[in-house]
Amino acid sequence: MAKIKISTPKGDIVVRLYDETPQHRDNILKLAGEGFYNGTLFHRVIKDFMIQGGDPESKGAAKGARLGSGGPGYNVPAEIVPGLFHKRGALAAARLGDEANPERKSSGSQFYICWGQVYNQGQIGQLEKQMVMQAQQSVFNALAAERRDKIMDLRRNRDRAGLQALQEELEAITVATVKDKGLGKMTSEQKEAYTTVGGVPFLDGQYTVFGEVESGLEVVEAIQSVATDPADRPLEDMTMTVTVI
């Protein structure tokens, strides 16, 4: 079982990497073994949400420098696995948004560790509704993109009836797809984790989760609580050294 240790000014975090996401596991092991992360910062910290680092441009970065766009020069294909979710302490890969990155490829080096919050049953129900709606929007957009040429032809011909019929057809396919695949729905394991341990459920299914904190969760808590500037960068540099255990 592969593990890494992230040493910070607040203490050490030991992370167990999942075998179910082998490309992400092997990539972070390679980078850690090369010393890639040593001297980089947790450059984006949001209380009750997560701590993010791994940008090589953060090494020795001046105060106020814009960070978060650096990497090793490549992306890692998404490995979004059902059953691996954003509970508190989960390690996940950062990435560009869907518009620029529809395949949801991960940053080659940037990662985040979840903190989040503990939800009650009512909040989980509301979140699940929102996640189903989000899934429906994503499926509908993908279907529309596949039929872009047809949509453009209908618009050029000002065929409102044709556009309306196509929209209704895509909406029906969307609802059926989301229901059949259970998209946006939480498993009993997710609900249990989010109502007891806590986490960030609204990120599930969108980012690759590839590990979890085995020890040092109190260090994550300490880092997510530090004072930050308006760009969410800690006022005191949270440097890291990452080694393979």
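This is a working chat about a predicted model of one protein.

User: What is the overall make-up, in helices and strands?

Analyst: The model is predicted. The protein has six helices and ten strands. Along the principal axes, its C-alpha atoms fill a box of roughly 65 × 40 × 35 Å.

User: How much of the protein counts as buried?

Analyst: The figure is 42% of the 245 residues.

User: And what share of contacts join residues at least 24 apart?

Analyst: Taking contacts between residues at least 6 apart in sequence, 75% join residues at least 24 apart.

User: Let's go to helix 2. What should its 26 residues span, and how far apart are the end C-alpha atoms?

Analyst: Helix 2 covers residues 121–146, and at 1.5 Å a residue it should span 38 Å. The end C-alpha atoms are 38 Å apart, so the two agree.

User: Which residues of helix 2 are buried?

Analyst: Ile124, Leu127, Glu128, Met131, Val132, Ala135, Val139, Leu143 and Ala144.

User: What do those buried residues pack against?

Analyst: They pack against three helices: helix 3 (148–156), helix 4 (160–181) and helix 5 (188–196).

User: What does Asn120 do at the start of helix 2?

Analyst: A side-chain oxygen of Asn120 comes to within 3.1 Å of the backbone nitrogen of Gly122.

User: How does the lining of the largest pocket divide by class?

Analyst: Twelve residues are nonpolar, eleven polar and six charged.

User: Back to Arg104. Is it buried or exposed?

Analyst: Arg104 has a relative accessibility of 17%, and the cut-off for buried is under 20%, so it counts as buried. Arg104 lies in the loop between strand 6 (90–93) and strand 7 (106–107). Its phi is positive, near 60 degrees, in a residue other than glycine.

User: What about Asp48, where does that sit?

Analyst: Asp48 is in the loop between strand 3 (44–46) and strand 4 (50–53). Asp48 also has a positive phi, about 60 degrees, and is not a glycine. With a relative accessible area of 41%, Asp48 is partly exposed.

User: How much space is in the second largest pocket?

Analyst: About 740 Å³. Of its 33 lining residues, Gln52, Gly68, Ser69, Arg95 and Gln110 are the closest to the centre. Strand 4 and strand 7 each supply at least two residues of the lining. By class, this lining has 13 nonpolar, 13 polar and seven charged residues.

User: How many cavities of 30 Å³ or more are there?

Analyst: A search of the whole structure finds one. The largest cavity holds about 60 Å³ of space.

User: Which residues line the largest cavity?

Analyst: His24, Asn27, Ile28, Tyr37, Val76, Ala93, Ser107, Gly108, Ser109, Gln110, Phe111 and Phe210. Helix 1 (residues 22–34) gives the most, with three residues. Gln110, one of these lining residues, is also among the residues closest to the centre of the second largest pocket.

User: How many charged residues are in the cavity lining?

Analyst: None; the lining has six nonpolar and six polar residues.

Notes
Residues numbered from 1 in each chain as written. Predicted model: local features only at pLDDT ≥ 70, side-chain atom pairs only at ≥ 80, totals over all residues. Heavy atoms only, no water. Helix = DSSP H or I, 4+ residues; strand = E, 2+ residues; numbered from the N terminus. Expected span 1.5 Å × (residues − 1). Buried < 20%, exposed > 50% of the residue type's maximum accessible area, 1.4 Å probe, protein only. Contact = heavy atoms within 4.5 Å. Polar contact = N/O pair within 3.5 Å; in protein donor to acceptor, adjacent residues only side chain to side chain. 1 Å grid on protein atoms, 1.4 Å probe; cavity = no way out; pocket = protein on both sides within 12 Å on 5 of 7 lines; lining within 4 Å. Points joined across faces, edges and corners; volume = space filled by probe spheres on them. Nonpolar A, V, L, I, M, F, W, Y, C, P; charged D, E, K, R; others polar.
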